[in-house]
Structure formats: C-alpha cells, structure tokens
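Work through the exercises below with the sequence and the structure open side by side. Each task is followed by a solution that goes step by step.

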Amino acid sequence: MTEIEADELRADSRARWERASVGWGKRADRIRDWGMPVSIAMVDALALQPGQTVLELAAGPGDTGFLAAELVAPGGKLICSDGAEGMLDVARRRAASTGVRAVEFRQLELEWIDLETASVDGVLCRWGLMLILDPETAAREIRRILRPGKRATLAVWDAAERNPWATIPGRVMVSRGHLEPPDPEAPGMFALAGPGALEELLGAAGFTDVVVRPLELVRRYSAPMEFLTETLDLSPVFGSEYTELPAEEREAIGADVIGALAPFTAPDGTVTLPGSSLVAVATA
C-alpha cells in the first residue's frame, strides 16, 4: 500500500467516525452501561494515584477516562483524546453534564501521539487499536509517552464468533451484496482477536508483564428493532451503507437482521446478545 492510499483510507475512516459521532452522542448512556465492566477493569489495572496524568486514546464519549479522572484528583489530570472532533464534542458535553473536572480535550491520533516522551502515568485505549492501519506504531507510541514502570490498558474485541451483536448486521449486508466480505488482513473489529496477537504486538513494542484476559459482556434489548436502530446509530460502516439504499431494500435488510436474532430472542421479544472483549495490561 502506498502512503497516498494509506492516507486516503485514514481520511475515509475519520469521515465515517465524524458522521457516527452523532449516533454515539445519542447512545452514549447505553455505550457507557454495556461497556462498564471493561472500563472498570481497565481503570483498576492502572493503579492510579492522586496527582498523576492519565491519557485516554480513542475516547469516544469519554466515560472510561472519566472514571480515571476521579482517581487522579486532586492535582492530577485526564487527557481525553480522540481522532474525531465530533467524538470530542460528545465527550466535552458529557464531562460538563457530569461535573468531571481537571480534564483536557485533545484531538490525537494513535499512530502519532503529539505528547512528550515519558509524560503520562497511565494510558487507556478501549476498542480503538484494532481499527487503525498501523497498530504496531501505535503500540510503540503508547510506550514512548508512558513514564518508565507505568502501565497501559488496552481493550480489543475478542473473536467474531463470541460477538454476534457485531457480526449479524455485516453478514446480512454481505449476503445481500452491499458489502465485501471482511479482509482478515485489514484493520477491523477482530484484527487483534487471534490467539496471542495482542501479546505479540505489545511485546514487540517493548512492553513487559503483558497480561491479556477475556471479559464477557452482555447487550440487552427490549425488541429486535431496538437492536437494529442502535446499530444504525453506532456502526459507521453499516449505518452509512444502509442509509444510501432504497426503502424497499432497507426493509428487507431489517427483516434479515431480525431473523438472524431469533436464537437470541426470548418468547417475550427481548433480545440478549453475548459479547467478549480482550483486556490487556502492559508495563512500559
């Protein structure tokens, strides 16, 4: 891949996430609630102390970092960052509404983190590392900005079969010819889900004491249609492709998605979808 092609892919990804930020703002409470087990595990692993500086990368609505901000007060600081300015706007609003203080908002890229070497005491990155073109460079950057002996906690999605909530909409779009099958070599939700992939990545970046463990999540919906509408708001690929289709095709896709949810749908119509995230803790 040429540098021009890589830049075009990065620009396209950024544009998708800028558009998706509206839906992420709308669904921010839901994202916080079903992601909270991962957020708590990540923040706990950093063993933060008052007066320290912690950085959250790919922060989205920012709630993982906001948990950390409470632990570094007084005298400490959270740097809440994302590559999409729209996501930072969501995080700013949420910080203001919940009274989170001592937080600095910055637009930062994982592959070139514009911070000084050895300048932070902890790094959080929930579900961002597997989506970028060069996670190896990002891992080295994360280690560079950490003070010696300090930790990073990173979450990526576990294997596709453990996350049907994420795979069902895409499979329907592929089956109806609206998306290409996922490229296993390209960035994506499951790019770091393989056995040992995350450990190898972090070890190659110079981290030590790398520990990766799976953590189960559950997503619950009052009805299949609630799952569909939420996915349209949150998925930058599914949502953007779906909205460009004729109404008749959108209706057919919705019916296929709802049909695929049948194994997870109770007699009363509620939907319970399992999920699994990998959480890594690594020392600089």
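Predicted model: local features only at pLDDT ≥ 70, side-chain atom pairs only at ≥ 80, totals over all residues.

**Exercise 1.** Determine where helix 2 bends and by how much, and list which of its residues are buried.

*Solution.* Begin with the extent of helix 2, which covers residues 28–46, and follow its axis to Met36, where the helix bends by about 65 degrees. Next, look within four residues after the bend, where a proline, Pro37, is found. Turning to accessibility, the buried residues of helix 2 are Ala28, Ile31, Trp34, Gly35, Val38, Ser39, Ala41, Met42, Val43, Ala45 and Leu46. Finally, step just past the end of helix 2 to Ala47, whose phi is positive, at about 50 degrees.

**Exercise 2.** Decide whether Ser277 is buried or exposed, and identify the polar partners of its side chain.

*Solution.* First locate Ser277 in strand 7, which spans residues 271–283. Its relative accessible area is 0%, and because buried means under 20%, Ser277 counts as buried. Then examine its side chain, which makes a polar contact with the side chain of Trp127 at 3.0 Å, while a polar atom of that side chain lies 3.2 Å from the backbone oxygen of Val156. Beyond its neighbours within four places in sequence, Ser277 is in contact with several residues, among them Val38, Asp158 and Arg213.

**Exercise 3.** Classify the packing of helix 6 against helix 10.

*Solution.* The axes of helix 6 (residues 164–175) and helix 10 (residues 247–260) lie 9 Å apart, at an angle of about 135 degrees. Helix 6 is therefore oblique to helix 10. The crossing is right-handed, and Ile168, Pro169, Val172 and Met173 in helix 6 meet Ile253, Asp256, Val257 and Ala260 in helix 10.

Technical notes: Residues numbered from 1 in each chain as written. Heavy atoms only, no water. Bend = angle between axes of the 7 residues up to and from the residue. Helix = DSSP H or I, 4+ residues; strand = E, 2+ residues; numbered from the N terminus. Buried < 20%, exposed > 50% of the residue type's maximum accessible area, 1.4 Å probe, protein only. Polar contact = N/O pair within 3.5 Å; in protein donor to acceptor, adjacent residues only side chain to side chain. Contact = heavy atoms within 4.5 Å. Axes fitted to C-alpha atoms, helices over the stretch in contact; angles between N-to-C directions. Parallel < 35°, antiparallel > 145°, perpendicular 65-115°, else oblique. Left-handed = near helix turned anticlockwise from the far one by under 90°.
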